[in-house]
Amino acid sequence: MSLVKLTNLPDLGDDRGGLVAIEESQTIPFPIKRVYYIYGTKSGTARGFHAHKALQQVAICIAGKCNMLLDDGNNRDTVELGSPNSAVAIEPMVWHEMHDFTDDCVLLVLASDHYDENDYIRDYDAFLTLVKQ
Ligand code: T46
């Protein structure tokens, strides 16, 4: 089974251009406590390389493109994010890496909780040990 869970966000655009609305508990299945975005990522740079213990997130590439690798300790999948209408879930205990950012990439992330470094597992071997327990 694929680790990639994509939600199609309805485009409310018209002949003036696109418009996507994101509503807590409707399009996003958790209360949104934090929003952040990653932009201006330098060519050849990869980010992420961690899992979260409890945080639920949804990522949307609102401009440009990048690839997101998802790994639950047993399977790995990569999804190309390149549409402002496409949201990918980053679930707890899923190792994720973001690669191949285009210069114009803006990756918007909606998160179920405030920033907490204690929720991060930044060591891959430690992640594997935890998921295989
Ligand atoms: C994730 C992926 C998709 C904060 O202080 N507050 C915040 O809300 C965030 C997101 C980060 N930070 C600090 C923590 C680090 O000192 O900003 C610095 C860079 O964060 P990090 O190296 O974790 O960035 P990425 O791009 O590797 O990961 C980010 C998120 O941190 C992470 O939760 O799932 O994007």
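1. By class, six nonpolar, two polar and two charged residues make up the shell around the ligand. The model is a predicted one, and the points below should be read with that in mind.

2. The residues around the ligand are Arg34, Tyr36, Ile38, Arg47, Gly48, Gln57, Ala59, Ile90, Val109 and Tyr115. The most comes from β2, which gives three residues.

3. On the classes again: Tyr counts as nonpolar and Gly as polar here, which matters when reading the shell's six nonpolar and two polar residues.

4. Starting at the N terminus, the order of elements is β-β-β-β-β-β-β-β-β-β-α. The protein is as compact as a globular protein of its length, because its radius of gyration is 15 Å, close to the 14 Å that the globule rule gives for 133 residues.

5. Along the principal axes, the C-alpha atoms of the protein fill a box of roughly 55 × 35 × 30 Å.

6. How much of the protein is buried? Of its 133 residues, 21% count as buried, where buried means that 20 or more other C-beta atoms lie within 10 Å of the residue's own.

7. On contacts in the protein with a separation of 6 or more, 76% are between residues 24 or more positions apart.

Conventions
Residues are numbered from 1 along each chain as its sequence is written. This is a predicted model: local features need pLDDT of at least 70, side-chain atom pairs count only at pLDDT 80 or more; totals for chains, interfaces and linings use all residues. Helices (H or I, at least four residues) and strands (E, at least two) are DSSP runs, numbered from the N terminus. The radius of gyration is taken over C-alpha atoms; the globule rule is 2.2 Å times the number of residues to the power 0.38. A residue is buried if 20 or more other C-beta atoms lie within 10 Å of its own, exposed if 12 or fewer, and partly exposed in between; C-beta atoms are placed from the backbone. Two residues are in contact if their C-beta atoms, placed from the backbone, lie within 7 Å. A residue is near a molecule or strand if its C-beta atom, placed from the backbone, lies within 6 Å of it.
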